[in-house]
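Please have the sequence and the structure at hand while reading.

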Amino acid sequence: MAKVIIEYDKCDGADCAECSDVCPMEVLVLKGDKIEIVDPDECSYCEVCMDVCPNDCIHIEDDF
């Protein structure tokens, strides 16, 4: 199984929030001024969030 990693030191949170806007499974959600990963088991690992992130702070890591 894989997991989504957010590098918060690089993330602009509410000033950007592109990832939460495009996440089809609503796994990445803006809460306050921070992006949070909710219900990660629902993630389809489509990598759309990685594609739109201007700061390259979202990664999908394999646990194999």
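A request about one residue comes next, followed by a connected answer.

Q: Please examine cysteine 49 and its surroundings. Is cysteine 49 buried or exposed, which residues is it in contact with beyond its neighbours within four places in sequence, and how far away is the nearest cysteine sulfur?

A: This is a predicted model, in which local features need pLDDT of at least 70 and side-chain atom pairs count only at pLDDT 80 or more, while totals for chains, interfaces and linings use all residues. Residues are numbered from 1 along each chain as its sequence is written, and side-chain values use heavy atoms, with hydrogens and water left out.

Cysteine 49 counts as buried because its relative accessible area is 11%; buried means under 20% relative accessible area, exposed means over 50%, and partly exposed lies in between, with a 1.4 Å probe and protein chains only. Neighbours within four places in sequence aside, cysteine 49 is in contact (heavy atoms within 4.5 Å) with Cys19, Val22, Leu28 and Ile58.

Cysteine 49 also belongs to the largest nonpolar core, which has 13 residues. Such a core is a set of buried Ala, Val, Leu, Ile, Met, Phe, Trp, Tyr and Cys residues joined through side-chain atoms within 4.5 Å. The members that touch the most others are Val4, Ile6, Cys19, Leu28, Ile35, Cys49 and Ile58. In soluble globular proteins, nonpolar side chains tend to be buried together.

The sulfur atoms come next. A search of the whole structure finds zero disulfides, a disulfide being a pair of cysteine sulfur atoms within 2.5 Å. Cysteine 11 is in no disulfide, and its nearest cysteine sulfur, that of cysteine 57, is 4.3 Å away. Cysteine 49 is likewise in no disulfide; for this residue the nearest cysteine sulfur is that of cysteine 46, 6.3 Å away.

Val4 and Ile6 belong to strand E1 (residues 2-6), where the side chains alternate; strands (E, at least two residues) and helices (H or I, at least four) are DSSP runs numbered from the N terminus. E1 runs antiparallel to strand E4 (residues 58-62), to which five bridges join it; two strands pair if DSSP finds at least two bridges between them. Within this pairing, alanine 2 stands opposite aspartate 62 in E4.

Ile6 is also touched by cysteine 11, which is in contact with Ile6, Ile35, Asn55 and Cys57 once neighbours within four places in sequence are left aside. Cysteine 11 itself is found in the loop between E1 and helix H1.

Serine 20 lies in H1 (residues 18-22). Serine 20 counts as buried because its relative accessibility is 17%. Not counting residues up to four places away in sequence, serine 20 touches Leu28, Val29, Leu30 and Ile35. Its side chain also reaches the backbone oxygen of alanine 17 at 3.0 Å.

Definitions and conventions
A polar contact is a pair of N or O atoms within 3.5 Å; within protein, one must be able to donate a hydrogen and the other to accept it, and residues adjacent in sequence count only if both atoms are side-chain atoms.
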